[in-house]
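Subject: Structure for you to look at

Hello,

Here is the structure I said I would pass on. Please open it first; my notes on what was found follow below.

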Amino acid sequence: MALNVLEHVLVPKHEILSEEEKKRLLETLNISEKQLPKILLNDPVVKALGAKEGDVIKITRKSPTAGKSFYYRLVVKS
Amino acid sequence: MELPESIKKEVEAVCREMKLTESQKKKVYERVKEVYRKSMFEPGEAIGVVAAQSISEPATQMTMRTYHAAGAAQIQVTLGLPRLMEIFDARRTPSTPTMTIYLKKEYNNPEGAKKIVSLIRETRIEDLTSEVQVDVLNGKIEIILDPEKLSEAGLTSKDLAKILKEGKLSVRASEKKLSVSVETDELSELQRVKTKVLSTVVRGIKGVKQAVVSKKDGEWVINTLGSNLSKVMEIEGVDPTRTVSNDIHEVAKVLGIEAARSLIVQEASKTLEEQGLDVDIRHLLLVADTMTVDGVVKPIGRYGVAGAKGSVLARANFEETIKHLTQAAVSGEVDRLESIVENVMINQVVPIGTGMFELIFKPPRGKK
C-alpha cells in the first residue's frame, strides 16, 4: 500500500519497549504482563513495527486533557 | 508524581507572565502538585458508573431533538442518538459509511478534486445509458449509450465492451451502442443478464456511491457516501495520511486498534457536540479504552463488554438471565463475588470506595 500506517493522523506514536524497559514498567505498575491491555499480532501497526509476540508497545497519545499520555499494550496472538 | 504536560505548560506560562523567581516557581509547582493530587480520583471510585450516567443523561435529551438537525449536511449522514448507538454497539457496518478524503498539494484545486472524484465514484453502465432494449426473439440486449456522459467519464464503448467480455459475455460494440447476445430463449434469463450488465462497475471504487467536493479551511476536500479506505488510499493524488472513514471496524483493520480508539472518541464527541451536548471527554476516553483493551473493537452490551464479565450473577443481572444461570449451572461455574452487582444482590458491602479495602490487624506481640 502507498501508506505507511505510522504516519496516519489517527495513529499515535508506537514504540517497542526493550526488555529492560518492560521489566521496569511492570515493576512500577506492580502488575504482571497479562494485565496489560492487548494489541493483536496481526494489527497493521504491529506489522509495520515488526514487533514479536510478548513485546510491550508504548503508545504516546495526544490527550485533549493531559497534553500527552502514555499507554502500554502487550502484543498477543489473535 | 509527575504533572501532565498540559498543566506544566500552563504553570510555566503563568510563571513567565508574573515574572516569578526560581524559588517562587518551585513553590507554585509544589502547590499545583498538591491541588492536582487532591483533584484526582481516589482508588475505588466507580468511574465506570459515573461515565455511564454522564453519557446517558444527555443522550436521553438527544432522543427528543435528533431529527430536527436533518437536511443541513451535504451528504445525509446518521446523526444523534442512532449514530451514538452505532458507535457504542460497534456495528459491523454503519448505516451511512462515509469517508473524508484529503488531497495532495498538486491536486488541491477544483480540477484536481474533480478528477479524483471521477476515479473514486462508482460508475455503472446504467449511469451511461440513455435507453435499453431487450430483443426477446433474437436473444439480444441492446444498450444505447449516452455519448455525453460517456465522454464525461472518459470512456468509450470499446472500453465497456472489454470490461463486459471479462465477465464472459459476448458483446459487440459500435460507437453508441452495445449489443449483448445471450443464448437462451427464456425471458427470465434475459432479464437476469440485463440487470447484471447494467450494474457492472466500469469505473471507480466499489461501494462509493456518492462523492461531493467541498472547500474546508481553504482546502478542497471530498466527502463520500460509502467507504473503502484501503482502495482510496492507493489512488494517486489522495493524501493517505489524513484520509479517514467513519467505519470503526474498517479503520481498525486498515490502521490498527489505536486508530480505532481515536476514531471512537472523535466520532462520539462529534456526535454529542453536533447536538449541542456537553459531555466531558474523559468519559468518552474511558469508554473507548474499555472497548479496545483486548486489541479488537468490542461493543458495549451483551455480546461485548457486559458479556465478558467474570461473574455469573453480574451477567445474569444484565440481560438473558436464564441463559447465563443455566449455562453456569451446567458447567459448574463459581462466582467469587468480587464485583459490584453480585454483592448488591446478596446484600453485602460493595467493593467501591472504602468498601474496596479490608482491614488487617496484627496484634503487637510480647507486650501486655
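The largest nonpolar core has 58 residues, and those with the most contacts inside it are Leu84(B), Phe88(B), Ile101(B), Ile120(B), Ile222(B), Leu255(B) and Val297(B). The helix α11(B) contributes the most to this core, with eight residues. Please keep in mind that this is a predicted model.

As an example from the core, take Ile120(B). Leaving aside residues up to four places away in sequence, Ile120(B) touches Ile101(B), Gly204(B), Ile205(B), Val208(B), Ile222(B), Thr224(B), Val232(B) and Ile235(B). There is also a second, separate core of 21 residues, which includes Ile143(B), Leu160(B), Val171(B) and Val202(B).

Now the interface. 33 residues of chain B are in contact with 27 residues of chain A. About 2400 Å² is buried between the two chains, and carbon and sulfur atoms give 63% of that area. Of the area that chain B buries against chain A, 26% comes from Thr241(B), Leu255(B) and Glu258(B), more than from any other three residues.

Four salt bridges are counted between chain B and chain A. One of them joins Arg73(A) to Glu258(B), with the closest N and O atoms 2.9 Å apart. The polar contacts between the two chains come to 13 residue pairs. On the side of chain B that touches chain A, α11(B) gives the most, with seven residues. The residues of that side are 15 nonpolar, nine polar and nine charged.

Regards

Note on methods. Residues numbered from 1 in each chain as written. Chains lettered and ligands numbered in written order. Predicted model: local features only at pLDDT ≥ 70, side-chain atom pairs only at ≥ 80, totals over all residues. Heavy atoms only, no water. Contact = heavy atoms within 4.5 Å. Buried area = accessible area lost by both parts, 1.4 Å probe. Salt bridge = Lys/Arg side-chain N within 4 Å of Asp/Glu carboxyl O. Polar contact = N/O pair within 3.5 Å; in protein donor to acceptor, adjacent residues only side chain to side chain. Helix = DSSP H or I, 4+ residues; strand = E, 2+ residues; numbered from the N terminus. Nonpolar A, V, L, I, M, F, W, Y, C, P; charged D, E, K, R; others polar. Core = buried A, V, L, I, M, F, W, Y, C linked by side-chain atoms within 4.5 Å. Buried < 20%, exposed > 50% of the residue type's maximum accessible area, 1.4 Å probe, protein only.
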